[in-house]
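Dear colleague,

Below it you will find my notes on what turned up.

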Amino acid sequence: MKTSRWQHFFKEQKEVYGKNLFTISELTNVANTTNESLNVELSRLRRRNIIERYARGTYGLKHGVPPEDLVHYIDAKAYITGFYVLHRNHMITQVPSKITCFTNRRHGSLRERTTPAGRYEFVCVNKSVYAPPIDGTMAEPEQALFDFVYLMRHKGVNSQSVVTFRNLHKLRESVLLKFAPGYPGTVKNQVSRILQVKIPAK
């Protein structure tokens, strides 16, 4: 396919269907070609700064791929939570340097990955804490607060010394209580102090 056709394809998929990322298999079908020929075309498009390789065998336009679109291409069991979600919901003033993802898989040396969509940190957590959201990619802010406190305590850091919280009145108490049982008592106590609302210990 010519460069102009590729540009039209990626733009149409983004604007009409909201699809930003494509696997090698999908692109091979679109181009109606072999993997070898496709790799040549993809290399050409990358040299022209039209597309990026976001993960192994995963490509998209150079700009405009949100972190939540990419996470499942790296780890199908992971979801974004903690610092990033709180910042996105305007509940902390600091800007995160990493996109924290909780998963039930161990990533070993690939626990942190730098991609065109941002720098990801994959944290393997236990069963009680691991709770994939309904949409599968991003935690609700109430869950993200628990996860942030949980991770900071695991690192031996007081959450309130790391960030400045704001707009916490927007958090829903019913949702907080729904997630609370999965976390250790120390985490629930810290969340209670942050919110100045009692979270039951059990």
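**Notes on the structure**

Asn 49 is found in the loop that runs between helix 3 and strand 2, the latter covering residues 51-55. Please keep in mind throughout that this is a predicted model. Although Asn 49 is not a glycine, its phi is positive, at about 60°, and with a relative accessible area of 49% the residue counts as partly exposed, because that class lies between the 20% and 50% limits.

As background, most residues other than glycine have a negative phi.

To step back to the whole, the secondary structure of the protein comes to nine helices and seven strands, and its C-alpha atoms fill a box of roughly 60 × 30 × 25 Å along the principal axes. Of the 202 residues, 47% are buried, while the protein exposes about 10,900 Å², of which carbon and sulfur atoms supply 48%. Among contacts with a separation of 6 or more, 59% are made by residues 24 or more positions apart. The side chains include 31 positive and 16 negative ones, and the centres of these two sets lie 5 Å apart.

Leu 27 belongs to helix 2, which covers residues 24-31, and it counts as buried because its relative accessibility is 0%. Beyond its neighbours within four places in sequence, Leu 27 is in contact with Trp 6, Phe 9, Phe 10, Phe 22, Leu 38, Leu 42 and Tyr 59. Thr 58, which is 31 residues away from Leu 27 in sequence, is 9.5 Å from it in space, C-alpha to C-alpha.

Phe 165 is placed in the loop between helix 7 (159-162) and helix 8 (173-179), and it is buried, because its relative accessible area of 18% falls under the 20% limit. Leaving aside neighbours within four places in sequence, the contacts of Phe 165 include Leu 86, Met 91, Ile 92, Leu 145, Phe 148 and Ile 194. Between Phe 165 and Asn 35 there are 130 residues of separation in sequence and 49 Å in space, again C-alpha to C-alpha.

Ile 194, one of the contacts of Phe 165, leads on to helix 9, which takes in residues 185-195 and in which Val 187, Lys 188, Gln 190, Val 191, Ser 192, Ile 194 and Leu 195 are buried. The buried residues of this helix pack against helix 6 (141-154), helix 7 and helix 8.

Finally, how many cavities of 30 Å³ or more does the count come to? The count comes to one, and the largest cavity has a volume of about 30 Å³. Its lining is formed by Phe 10, Lys 14, Lys 19, Asn 20, Leu 61, His 63 and Val 65; Phe 10 is also among the contacts of Leu 27.

With best wishes

Methods. Residues are numbered from 1 along each chain as its sequence is written. This is a predicted model: local features need pLDDT of at least 70, side-chain atom pairs count only at pLDDT 80 or more; totals for chains, interfaces and linings use all residues. Side-chain values use heavy atoms; hydrogens and water are left out. Helices (H or I, at least four residues) and strands (E, at least two) are DSSP runs, numbered from the N terminus. Buried means under 20% relative accessible area, exposed over 50%, partly exposed in between (1.4 Å probe, protein chains only). Contact means heavy atoms within 4.5 Å. Accessible areas come from the Shrake-Rupley method with a 1.4 Å probe; for residues, only the protein chains shown count as cover. Lys and Arg count as positive and Asp and Glu as negative; His and the chain ends are not counted. The place of a charge is taken as NZ of Lys, CZ of Arg, CG of Asp or CD of Glu. On a 1 Å grid over the protein atoms alone, a cavity is a set of points where a 1.4 Å probe fits but cannot get out, and a pocket is an open set with protein on both sides within 12 Å along at least five of seven lines; lining residues have an atom within 4 Å of a point. Grid points are joined across faces, edges and corners, and a volume is the space filled by probe spheres set on the points.
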